[in-house]
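Let's take a friendly walk through a protein model, one piece at a time. Have a look at the picture first, then read on.

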Amino acid sequence: MKINKSDLQAMAVAPSGYPQDEMPEIAFAGRSNVGKSSFINAMLNRTNLARTSGKPGKTRTINFYIINEEFRFVDLPGYGYAQVSKTERKKWGEIIEKYLRNRPNLKAISLILDIRHKPTPQDIDMFNWIRAYNIQPVVVATKADKIARGQWERHLKIIREALEVKSGEVQIIPFSSSKKINVDKLWELLEEYLQLPVYEQEKDQ
């Protein structure tokens, strides 16, 4: 994928603020400190399009990044940050759920995990949530440069077992934002998903 142009198009907390067109979207979900902003910047070959923060849990909106005027990356609010109040966490969950329920543009969701750690209960809940909405999940195991390549498979096995998926059932890709490990491989996969028909999703009653 050659990135000619990428910009922040919109920031929203409700469907009324989403871009109003039929452009396909790939969304990204993950814990507040897992490095989603660094991941997006690495994929788009930008330095600070998606702003990283030293304060986890700062992102409280859905951020829409338009790419090549053809499709969008959608950065969902981070979850699982303990220092945020339960009320605030519930509000962020509702923001994410409204997007999942009501966005026909959505082609796939990439769940961003840290390859070094077993998925948390919140990660598992998010993975199951994605599948419950009949949306294609792609798991990105980032920070792969922090462990030896020979240890990748052992860590991927831990992730598969925690998510209760068989090898090959769901794509789990080792990734590194700093070393650009598997950027091209992931783009190949995402380009395939961008061509898929819209998923039948549950709608708010």
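## Ground rules

Two strands count as paired if DSSP finds at least two bridges between them. Strands (E, at least two residues) and helices (H or I, at least four residues) are DSSP runs, numbered from the N terminus.

This is a predicted model, where local features need pLDDT of at least 70 and side-chain atom pairs count only at pLDDT 80 or more, while totals for chains, interfaces and linings use all residues. Residues are numbered from 1 along each chain as its sequence is written, and side-chain values use heavy atoms, with hydrogens and water left out.

## The sheet

Okay, the sheet: seven strands make an open one, in the order S1-S3-S4-S2-S5-S6-S7, with mixed pairing. Strand S1 (6-12) and strand S7 (172-174) sit at the edges with a single partner strand each, so one side of each has no neighbour in the sheet. On average, neighbouring strands are turned by 25° against each other, direction ignored; axes here are lines fitted to C-alpha atoms, for helices over the stretch in contact, and angles run from 0 to 180 degrees between N-to-C directions.

Strand S5 (residues 106-114) and strand S6 (residues 136-142) pair in the parallel sense over seven bridges.

## Strand S3 and its neighbours

S1 and S3 run antiparallel and share six bridges, and Ala 12 stands opposite Ile 62 in S3. S3 and S4 are antiparallel too, joined by five bridges. These two strands form a hairpin with three residues between them, and Asn 68 in the turn has a positive phi of about 55°.

How many of the six residues of S3 are buried? Six of the six are, so S3 is largely enclosed by the rest of the structure. (Buried means under 20% relative accessible area, exposed over 50%, and partly exposed in between, using a 1.4 Å probe and protein chains only.) In a regular strand, side chains alternate between the two faces of the sheet. Here Ile 62, Phe 64 and Ile 66 point one way, while Asn 63, Tyr 65 and Ile 67 point the other way.

## Helix H3

Helix H3 (residues 121-132) lies across strand S2 (25-30), S5 and S6, at about 165° to S5; contact means heavy atoms within 4.5 Å. Its buried residues are Asp 123, Met 126, Phe 127 and Ile 130. Looking down the axis of H3, these fall within an arc of 100°, so they line one face of the helix. That arc is taken from the directions from the helix axis to the C-beta atoms. Over on the other side of H3, Pro 121, Asp 125 and Ala 132 are exposed.

## Aromatic pairs

The structure holds ten aromatic pairs. Rings of Phe, Tyr and Trp (its six-membered ring) pair if their centres lie within 6.5 Å; planes under 30 degrees apart are stacked, over 60 edge-to-face, and the rest tilted. Phe 64 and Tyr 99 are edge-to-face, at 6.2 Å centre to centre with 65° between the planes. This pair links Phe 64 in strand S3 (residues 62-67) with Tyr 99 in helix H2 (residues 86-102), 35 residues apart.

Phe 71 and Trp 187 have ring centres 6.0 Å apart and planes at 75°, so this pair is edge-to-face. Phe 71 is in strand S4 (residues 71-75) and Trp 187 in helix H5 (residues 183-194), so the pair ties together parts 116 residues apart in sequence.
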